[in-house]
Structures are given as structure tokens and as C-alpha cells.
Amino acid sequence: MFAAERRQLILEMVRANGAVSLRELARVVQTSEVTVRRDVRALEAEGLLDRRHGGAVLPGGFTRESGFPQKSHLATAEKTAIADLAANFVEEGEAIVVGAGTTTQELARRLARVPGLTVVTNSLLVAQALAHANRVEVVMTGGTLRGSNYALVGSGAEQSLQGLRVSRAFLSGSGLTAERGLSTSNMLSASVDRALVQAAAEVVVLADHTKLGADTMFQTVPTDLITRLITDEPPAHDDRAATELQALADQGVQIAVAGASGSQGGDAVPARHHQQQRRDVPLPAPRRGQVPGVAATLRANAALGEQPPGAERARVADMRRR
């Protein structure tokens, strides 16, 4: 096969699949990875695709990803509230996996006080947040360091997760829609996140309202595998996020909404041990011709959520007094 033919076939494969590994490209065009890498470099110079570590992807919007410094300054109040709420879903003595991301890093800081906890992670930032927690055991995957988000990726990370089984996984991402579920902009990060999902009995997604309705290139968790979404309440004017939140609930995802201090439209949640209570709220479908606001829906259906610890005992004691 001539170089022009190889490159045309490589380009067609990337356009058809969105992203293809160098190994797969070499297998299809029946040449070495060294030759394929040279072809990919030439196609990138023409602006026809983008190179990524171990593969090639389509150029442009779906592949762009902000670095950690930029992400760490976005929706900070919302991420803090989400992390406070997510920590209430972790029990003493559990084994969990925590993926990479700025929101999961915030969660890790709150997990340091959970005794007997075992945390498996591919994130250096998550591990750092738990490094001095005497009662928490941290298990790190292998892999290659991806400097933009301080995460371990690649085949080494995925292989280290084989045979692992934990109660739940806490993951973040670049976008979340009811149609595709959780997605990210990086092929290698998506692959490791899928391995984390395979290791967990339940999947908990941490995503602030800016990610609701956003669709990025690589799917990590399809909607039917997401057990619970922990998010903040979208502002009143954010129809896209509110609609997506409703659609996720209609597909069976349990919704827990955190009230971010100072955020627009957020409902305050009473504190429990200096943390926010959790509320799992199955949102009902809107009436014909009506799209209710998320805040109104939550208030109307608050009774459907989980009761905080001790609430049932207090109710029984009240009945006995009567």
C-alpha cells in the first residue's frame, strides 16, 4: 500500500470512529506502528486530524480539553457543595474507586476523616489529598502520567484494575447528557474511567450544572450504568441544564442536588455533622405543555427522597409520645 493510500484509509477510520489507536491503525493498514505514527504526523500537519498519546482523533471542538489550572477555577462553590454532599454516601470500612478531576479531588479531601476506608484511584491529586489520613488506605493504579490532569492512564492503569471489585465508583467528566451519559475529551482518560466503572457495583457521577447537556467526544459511562448523579441546582435561566436533569431522572438516574453557598438558584440543605444532607429525588415527568423548574420539582417531591439518619427514630418517638 502506497503512503497516500495508507493515509487516506487512516483518515477514513478516524472520521468513522472519532478516535483510533496507533495499534489498530497499524493492524488495518498492515504496517508498523512507526510507519503509522509518521503518517499520522503528516496528516496532523495538514490539519486533518490531531495526534494523541497512542492514537489519533478528529480535530476541533470535541477534542479540546482545559488544563487543570483552568478547571480548578471553574464553578468552585458548586464543586465544594457537591463534594460535601457526595461524602455522605461513603460509609466506614468501604472500598471505593475515585477517578481523576477537580470535583473528585474536593471529595477526597472530605474522605480523609472516614475511618477504615480504602480508596483506589488513578489520580495523583486524590492520593495527595488522602496521603496524611491515618485511617484511610490509598491504592494507586499503575500507568503513564498524564500531566494535564495529574492522572495515570494507559494500559498499565487499566490492567491494574482487572479483577478489582468495590462498592461504588465516584467519577467526574467533561460533559453529561441523558442520551450518551458521561463523556470526556481525552481518549486515554475515557478508557481508564471505563475500567473504573467495571470495578464498581454502583456508579456515582459528580457533575456541576455547567456540564449538564454538554456532550464531549469519548463516552465513559452510558446513562443506564449511572446509579446516581450528584449536582448543584441549575440557575433559573439555564433551561438546557434543567431539561437534561429532568431527562436523566426519567431514565432512572437518582438525582441528589446540593445547595451551593452563594450560587444562584441553589436550595439550602440543613447541615449534618457540618455536611449537607443527601436527597435522592426521582423527578416526575412534566405535565403536558409545562416544563417545571428544578427547584419547584424538588420541593414538591422532597418526601420521595431518602430520610437523613435518625429521622425515622425521631418519628417513632413522636408517635409514642402521642
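**Close-up views of a predicted model**

View A. Strand S12, spanning residues 200-206, is mostly covered, since five of its seven residues are buried. The structure shown is a predicted model. Strands of a sheet pair through backbone hydrogen bonds, in either a parallel or an antiparallel manner. Strand S9 (residues 166-171) runs parallel to S12 and is joined to S12 by five bridges. Within this pairing, Arg168 stands opposite Glu202 of S12. S12 also pairs in the parallel sense with strand S14 (residues 228-232), here over three bridges. Val205 has Leu229 of S14 as its bridge partner.

**View B. An open antiparallel sheet of three strands.** The strands follow the order S10-S11-S13, and their pairing is antiparallel. Strands S10 (175-177) and S13 (218-221) stand at the edges; each has a single partner strand, so one side of each lacks a neighbour in the sheet. From one strand to the next, the twist averages 35 degrees. Strand S11 (residues 181-184) is paired with S13 in the antiparallel sense over three bridges. Ser183 is found opposite Gln219 in S13.

**View C. Helix H9 across the sheet.** Helix H9, comprising residues 187-198, lies across S11 and S13. The helix H9 runs at about 20 degrees to S13.

**View D. A nonpolar patch on the surface.** The patch is formed by Leu124, Met140, Leu145 and Tyr150, which together have about 330 Å² of accessible area. Leu145 belongs to strand S7 (residues 144-146). Leu145 counts as partly exposed because its relative accessibility is 48%, and the partly exposed class lies between under 20% (buried) and over 50% (exposed).

Note on methods
Residues numbered from 1 in each chain as written. Predicted model: local features only at pLDDT ≥ 70, side-chain atom pairs only at ≥ 80, totals over all residues. Heavy atoms only, no water. Patch = residues over 30% accessible without salt bridge, like charges linked within 9 Å, V, L, I, M, F, W, Y side chains within 5 Å. Areas by Shrake-Rupley, 256 points an atom, 1.4 Å probe, with all protein chains shown as cover. Salt bridge = Lys/Arg side-chain N within 4 Å of Asp/Glu carboxyl O. Helix = DSSP H or I, 4+ residues; strand = E, 2+ residues; numbered from the N terminus. Buried < 20%, exposed > 50% of the residue type's maximum accessible area, 1.4 Å probe, protein only. Pairing = 2+ DSSP bridges. Axes fitted to C-alpha atoms, helices over the stretch in contact; angles between N-to-C directions. Contact = heavy atoms within 4.5 Å.
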